[in-house]
Amino acid sequence: MSEFTPKSDFLQTLSARGFIHQCSDLAGLDEKARSGDLVAYIGFDCTAKSLHIGSLVQIMLLYWLQKTGGKPIPLMGGGTTRVGDPSGKDETRKLLSIEDIESNKEGIRQVFSKFLTFGAGKHGAVMPDNAEWLTALNWIEMLRDIGRHFSVNRMLAMDSVKLRLERDQEMSFIEFNYMILQAYDFVELNRRYGCTLQMGGSDQWGNIVNGIDLGRRMGTPQLYALTTPLLTTASGAKMGKTAAGAVWLNADMLPVYDYWQYWRNAEDADVGRFLKLFTTLPLDEIARLAALGGSEINDAKKILATEATALVHGRAAAEQAAETARKTFEEGVTTASLPTVDVPRAEFEPGLGVLGAFVLAGLVASNGEARRQVKSGGLRVNDQPVTDERAELHASDLSADGFVKLSLGKKKHVLLRPV
C-alpha cells in the first residue's frame, strides 16, 4: 500500500485485513470504489468438484466487495478449463471432458451462495461462464481481432511461460494461448457488465495486466488489477494442503468436522492473520484474540475454527463441529458426529489389520506410515494405544453404537463403521 491511504470502504477493508499485494492504480481504483459503481471479477476454473481453501482468499475478496457496495462476479471458467492455466504449473494440466467440466462447475457453484447475494440489482452478484463467449469465437477472427494485440516476445517473458521453458519443461500450444483467453474475458465482462476490476492471486498479475492492456487496445474504459499475497502458513507450507490431501470447501468432499479441525490446528503465529482473512470478526476483536498468549491462544484458535467454518458451512454446522471437538477432547467420549468411514462388514472377519484400518480411514497414507506412527505411539484404537503393528480389529472391538474409533495423535479421529 506504500504511502497511499484509501478513502473507499472497499480498499480500507482490504488494506486493514491484509488482502492487497499489488494494484495497478490504487488512487484510480479507490475513486471508482467510492463512486459506488465498482464491478469486479475473479475467475475460477472448473478443475475439481469443489474449490479448496487455496481459493478462499479470492472468495473473501468478492464477499468484501459486495459488503462495501460493489458488484461481484465469480466467473466460471467453463471455457478456459478446456485449455488449462499454466501459471505455477510444472507440467501440462490434464484436459477434462465437457461432461466433467459441467459436473465440476455445479459443485463449485455451491460455495458462492454462502458468501454472496445473487440478483439482478445493481450490487447483485452474477455468475457467468466464459464458455458462453469463448466457445463462440471463430479462430481466424480471434487471431485478427484479439491475437494481433499480443506480442510473442512479451508472452515468452511471462513467468508462467518463462519458468517452464527455463526448466526445459514442455508447454503445449494450447496452454500458451491461455493468457489470451483470460485477457479477453476481462474485455468481454467489461462489455457485458461494466466490469473494471479483475482480482486474483499474485501468480495472476501478468495475466490480469494483459487484460488491462488488451482492453486499452480494444477501446474499453480504464481497467484495474488487484492481487493478493501468496498465502503460506508461518512454517512456509502452502495453504490448502495437508498430509491427508486438499482442504475442500464442499462438505461432500471434506466433512465439516475435519474442516473445523484444520483451522483449530493453525500455528500460533498464524491466528491473527487468519482471523483477518478468513472471518468477518471486527478488527478490534481480532486484535484482542491475536494478543492472547500461552494456552489462551487455543481459545482464539477455536474461535477462528468456528467463525471460518460458519462462513462455509453455516453457523449450526460450525457449532456442532466445535461441540464434537469439545466432547472428544475434553470429555473423552466417542460421538457419531466424528467423520465416519464405512467398510464392508466382511473385513472384520476373520480380522481387519490395524495398519490397513488406519489407511482405510484416511488417517495415514500407507502401511509404512502407520508402522512409523505405531513406533512413536501415535495411533490409538478406542482410545487405547496401538503397540502391535500386527494387531487386528474384530467385531468384538465395536462399540455399543457399532463403531471402532481410530485416532492419530490427539486431534484426528475417525469412526470405522461396518456395513
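This is a predicted model: local features need pLDDT of at least 70, side-chain atom pairs count only at pLDDT 80 or more; totals for chains, interfaces and linings use all residues.
Me: Why is the pair of Tyr259 and Trp263 called edge-to-face?
Reply: Two values decide this: a pair of aromatic rings is described by the distance of the centres and the angle of the planes. For Tyr259 and Trp263 the centres are 6.2 Å apart and the planes stand at 75°. The centres must lie within 6.5 Å to pair, and planes over 60 degrees apart count as edge-to-face, so the pair is edge-to-face. By this rule the count comes to eight aromatic pairs.

Me: How are Tyr259 and Trp263 placed in helix 12?
Reply: Helix 12 covers residues 256-264, and Tyr259 and Trp263 are four residues apart in it, so about one helical turn separates them.

Me: What makes the rings of Tyr262 and Trp263 an edge-to-face pair?
Reply: Their centres are 5.3 Å apart, and their planes are at 85°.

Me: Which residues do ring pairs link into a cluster with Trp263?
Reply: The cluster consists of Tyr259, Tyr262, Trp263, Phe274 and Phe278.

Me: Why does Tyr262 count as buried?
Reply: Buried means under 20% relative accessible area. Tyr262 has 16% relative accessibility, so Tyr262 counts as buried. Tyr259, at 0%, also counts as buried. Trp263 is buried with a relative accessible area of 0%.

Me: What makes a set of residues a nonpolar core, and which residues have the most contacts inside the largest one?
Reply: The members are buried residues of the nonpolar kinds, joined through side-chain atoms within 4.5 Å. The largest such core has 73 residues, and Leu56, Phe112, Phe115 and Trp263 have the most contacts inside it. Helix 3 (residues 56-67) gives the most to this core, with nine residues. A second, separate core of 31 residues includes Leu75, Trp133, Met158 and Val187.

Me: Which residues is Phe115 in contact with, leaving aside neighbours within four places in sequence?
Reply: Phe115 is in contact with Leu56, Ile59, Met60, Tyr63, Gln66, Leu311 and Val312.

Me: How do you know that the radius of gyration agrees with that of a compact globule?
Reply: With 419 residues, a compact globule would have a radius near 22 Å. The protein has 24 Å, which agrees. Its C-alpha atoms fill a box of roughly 75 × 50 × 40 Å along the principal axes.

Me: How much of the protein counts as buried?
Reply: Of the 419 residues, 49% count as buried. The protein exposes about 19,200 Å², and carbon and sulfur atoms supply 50% of that area.

Notes
Residues are numbered from 1 along each chain as its sequence is written. Side-chain values use heavy atoms; hydrogens and water are left out. Rings of Phe, Tyr and Trp (its six-membered ring) pair if their centres lie within 6.5 Å; planes under 30 degrees apart count as stacked, over 60 as edge-to-face and the rest as tilted. Helices (H or I, at least four residues) and strands (E, at least two) are DSSP runs, numbered from the N terminus. Buried means under 20% relative accessible area, exposed over 50%, partly exposed in between (1.4 Å probe, protein chains only). Contact means heavy atoms within 4.5 Å. The radius of gyration is taken over C-alpha atoms; the globule rule is 2.2 Å times the number of residues to the power 0.38. Accessible areas come from the Shrake-Rupley method with a 1.4 Å probe; for residues, only the protein chains shown count as cover.
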